[in-house]
Amino acid sequence: MECDKCGDHAVLHAAYSGLYLCEHHLCRTVEKRLRRRVREDGLVPDDATPEDPDTWVIGLSGGKDSVVLTSILHDIFERDPRIELVALSIHEGIEGYRDKSLDACRELTEDLGIRHETVSYAEEFGVQMDDVVEKDPEGMAACAYCGVFRRDLLSRYAEELDADKLLTGHNLDDEAETALMNFLEGDVDQMAQHFDASLGPFESSSDAPTERTREKQNHHIPRAKPLRDVPEKEIALYARFQHLPAHITECPHADEAYRGEIQQLMLGLEENHPGTRHSIMAGYEKLAALAAEAYGGEDADVDFGECENCGAPTARERCRKCNLLDALEAV
C-alpha cells in the first residue's frame with residue numbers, strides 16, 4: 001500500500017484514522033502529537049526564562065516509550081534555554097533485565113548530551129526486586145511492590161533535582177487502560193486525583209482539551225504525560241525507524257492480572273472498533289475534570305502530612321513504602 005501523504009511505501013495502516021503512512025510521515029505524526037500535547041497541556045510556563053528555566057525530569061527506563069519521549073523533547077527544546085531536561089533512571093534489581101535497559105539509557109543520554117542520574121532500590125531501600133518477588137510478604141503481584149517503590153524514588157529525586165515537572169512515557173494504550181480500570185472500579189476519587197496529578201492542563205488556553213486546569217499540588221512534583229495521545233505500536237515503530245537505543249523487552253516479573261484482562265479487552269475493542277482508545281481518553285479527561293471539580297482541589301490536600309519514618313508525603317502515619325519495607329524485613 002502507498003502512503004496517503006506522499007505515495008511512498010506505507011509501513012503502517014492506522015485503522016482509527018484510515019490513513020496509510022510511510023516511515024517519514026509516521027515519525028512526523030508522532031512528533032506532531034507530542035508537540036501538540038506540550039502546547040495543549042501548557043507545559044512551558046509563561047514565566048520561564050533562560051535565567052530561570054523550567055526543569056523537567058524525565059523518568060527514563062530505557063524502554064521504547066521513555067526513550068522516544070526523551071529523544072523528541074530533546075529535539076524540540078535543545079535550543080530553547082527556557083527548558084532544562086534531566087533524565088532519571090531507576091535500577092530495581094532485576095537480573096538480566098534492568099542492566100541492559102540502563103545501558104540504553106546511558107547511550108541515549110550521552111548521544112544527546114542530557115544530564116543523567118541513576119538511583120537503585122538496593123542503595124535506597126536495601127532490597128532487590130528479585131528478592132521482593134521471592135519473599136512476597138503481602139501476597140501481591142510484583143508490580144504492586146515495584147510501583148510503590150518506583151513512585152517514591154521518582155518523586156523524591158525529582159524534588160532533589162529541583163524539578164518543576166516530572167515527565168513519564170505513558171502512551172495511549174497505558175492511559176486508556178487506566179481510565180477504563182478507574183471507571184469499572186467506580187473510583188471517582190482516583191479519577192479526580194488522576195486529573196490533578198497528570199492529566200489536567202497547567203494553564204488555561206483555547207487549545208486545552210478541558211476548561212478546568214489542574215490544581216497545584218504541594219505534596220508532589222506535578223507529572224505530565226506528553227505521549228498519551230500516541231498508540232504503543234506507533235511509538236515502537238518510531239524507536240525502530242529513528243534507530244534509538246530502546247530496550248524492548250517485558251519485565252520478567254510483570255504480572256498485573258487485572259490490567260492484563262483490561263489490556264486484552266482493549267485490544268479486542270480496538271480491533272473491532274478502531275478509535276476506541278482515543279474515544280475513551282477524550283471522554284475520560286472530561287469526566288476526570290468534572291470529578292476534580294467535585295472531589296479534588298485544595299480540599300484534597302487537607303489530610304496530607306509526612307510519614308513519621310521517612311518524611312514522604314502521605315495521608316497515613318507511615319507511608320505505603322515504609323510499611324512494605326517493614327513487611328519485607330519481617331520475613
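Predicted model: local features only at pLDDT ≥ 70, side-chain atom pairs only at ≥ 80, totals over all residues.
At least two residues of the patch come from α7 (172-184), and at least two come from α11.

| Helix pair | Crossing angle | Axis separation |
|---|---|---|
| α8 (residues 188-199) and α11 (residues 276-295) | about 100 degrees | 7 Å |
| α10 (residues 257-272) and α11 | roughly 110 degrees | within 8 Å |

Because angles of 65 to 115 degrees count as roughly perpendicular, α8 and α11 are classed as roughly perpendicular to each other. On the α8 side, the contact is made by Val188, Asp189, Met191, Ala192, His194, Phe195, Asp196 and Leu199, while α11 contributes Met281, Tyr284, Glu285, Ala288, Ala289, Ala291, Ala292 and Tyr295. By class, the residues of this contact between α8 and α11 comprise 12 nonpolar, one polar and three charged.

The helices α10 and α11 are likewise roughly perpendicular to each other. Here Met266, Leu269 and Glu270 of α10 meet Thr276, Arg277 and Ile280 of α11, and the contact of α10 with α11 divides into three nonpolar, one polar and two charged residues.

Conventions: Residues numbered from 1 in each chain as written. Heavy atoms only, no water. Axes fitted to C-alpha atoms, helices over the stretch in contact; angles between N-to-C directions. Helix = DSSP H or I, 4+ residues; strand = E, 2+ residues; numbered from the N terminus. Parallel < 35°, antiparallel > 145°, perpendicular 65-115°, else oblique. Contact = heavy atoms within 4.5 Å. Nonpolar A, V, L, I, M, F, W, Y, C, P; charged D, E, K, R; others polar.
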